[in-house]
Amino acid sequence: MIMLWRLVLEILVIVLFTFGGGAVFIPMFERTLVESLGIFSAQTYTAIVAVVNSLPGVTGGKIASYAGFYEAGVLGFILTSLAFIVPGIIMMVIAYKFVNRMKQSKIMQNISLYIKPIVVGIFLSIIVKFLDLSIQGLGWIEGVIIFALAFYLLDQRKMQPIFVIVGAIVYGIIRINI
Amino acid sequence: MKEILEIFISFLKVGMFGYGGGSAVAPLIHKEAVEKRGWIDDDEFIDIVAIANSLPGASMVEMSTAIGYKIKGLLGGIVAAFSITLPSMIAFTIVMIFLNDLITEEVLNAVTVPVLAVVAALMFSLSKKFFLQSKKELSLAIIVLVYLGSFPLIYFIRIYPSLVIVAIVAYVF
């Protein structure tokens with residue numbers, strides 16, 4: 001029980017002090033779950049990370065809630081999930097209200113203009129990372145063809161992203177069975 | 001009530017099909033909230049992605065909260081945040097309990113790798129759209145300059161996107 005409360009507290013600290021999200025959570029949780037609390041062995045954690053990256057959803061949240069369940073069952077799952085989700089809700093509501101109040105000002109309207117290319121810059125860094133990973137896994141030719149085909153279907157044919165994602169999963173499964 | 005249900009369905013969908021976590025899920029949120037439901041426009045979407053990237057914590061929780069909050073207040077925000085996160089957290093825990101011994105890393109990788117290429121294409125398509133919008137608002141030189149300022153900082157030097165946002169905004173003004 002004491003361990004569960006320490007875990008909840010550690011998750012709160014991670015969520016409140018980790019910028020970047022997504023992949024950044026993986027080393028943060030490793031420090032906490034493996035090194036400081038010893039809930040998982042390093043080997044188990046590596047296996048967890050492999051599964052986390054292969055399933056959709058919130059990277060950090062999946063690790064946090066599974067650690068909670070592993071440590072204290074359903075109660076553990078609930079408490080660690082709340083510790084992961086609730087701070088984000090509170091921070092966003094406050095930030096959103098604040099930004100909207102400032103929105104009328106000329107400065108904020110100007111900032112918005114420049115935010116768009118910055119967000120694209122953030123996207124580009126993820127695009128390059130994911131392309132790199134898929135080329136490593138599939139080879140140059142296959143990786144580029146899948147990217148180009150997906151782009152054509154999504155951008156030119158306006159196909160529903162979910163269908164293309166499911167198509168890629170099916171392709172991956174067929175590919176390994178050949 | 002109808003809106004709450006729509007929020008639940010939309011963000012559930014994003015959570016169940018959103019690979020990559022964080023900002024990688026933004027294109028799916030854009031599809032649901034901007035294109036399909038018309039809850040927010042492109043500019044509001046950009047603001048929300050930027051705020052979520054500037055705050056600590058999970059971007060997926062924060063992006064969904066902001067959109068839910070805009071449509072239906074605090075309840076909308078809470079429903080959005082829980083529907084985007086909880087299903088994948090439950091699914092993950094179940095997979096870890098029951099299926100962990102059955103699935104090998106090889107199988108997992110095979111499934112994930114083509115999906116990552118699709119997510120990259122999704123993000124590229126949305127980036128293209130935003131680039132064309134920016135071209136109407138700013139000169140090409142400035143846009144390229146901001147890309148060259150933000151992308152290498154985040155990708156090669158691994159500076160947090162939040163710091164890049166603050167630095168570029170501070171530099172411009």
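Leaving aside its neighbours within four places in sequence, Ser125(A) is in contact with Phe151(B), Ile154(B) and Tyr155(B) in this predicted model. Ser125(A) lies in helix H5 of chain A, and because its relative accessibility is 7%, under the 20% limit, Ser125(A) counts as buried.

From this residue one can turn to the interface as a whole, where 97 residues of chain B are in contact with 92 residues of chain A. The two chains bury about 8600 Å² between them, with 81% of that area on carbon and sulfur atoms; within chain B, the residues that lose the most area to chain A are Pro56(B), Met89(B) and Phe92(B), which together account for 8% of what that side buries.

Eight residue pairs are found in polar contact across the interface, both residues at pLDDT 80 or more. On the side of chain B that touches chain A, H5(B) gives the most, with 27 residues, and by class that side has 64 nonpolar, 22 polar and eleven charged residues.

Helix H2 of chain B, residues 26-36, is largely enclosed by the rest of the structure, because nine of its eleven residues are buried. The buried residues of H2(B), among them Leu28(B), Ile29(B) and Val34(B), pack against helices H5 and H7 of chain A as well as helices H1, H3, H4 and H5 of chain B. Just after H2(B), Gly38(B) adopts a positive phi of about 65°.

How values were computed: Residues are numbered from 1 along each chain as its sequence is written. Chains are lettered from A and ligands numbered from 1 in the order in which they are written. This is a predicted model: local features need pLDDT of at least 70, side-chain atom pairs count only at pLDDT 80 or more; totals for chains, interfaces and linings use all residues. Side-chain values use heavy atoms; hydrogens and water are left out. Buried means under 20% relative accessible area, exposed over 50%, partly exposed in between (1.4 Å probe, protein chains only). Helices (H or I, at least four residues) and strands (E, at least two) are DSSP runs, numbered from the N terminus. Contact means heavy atoms within 4.5 Å. Buried area is the accessible area (1.4 Å probe) that two parts lose on being put together, summed over both. A polar contact is a pair of N or O atoms within 3.5 Å; within protein, one must be able to donate a hydrogen and the other to accept it, and residues adjacent in sequence count only if both atoms are side-chain atoms. Ala, Val, Leu, Ile, Met, Phe, Trp, Tyr, Cys and Pro count as nonpolar, Asp, Glu, Lys and Arg as charged, and the others, Gly among them, as polar.
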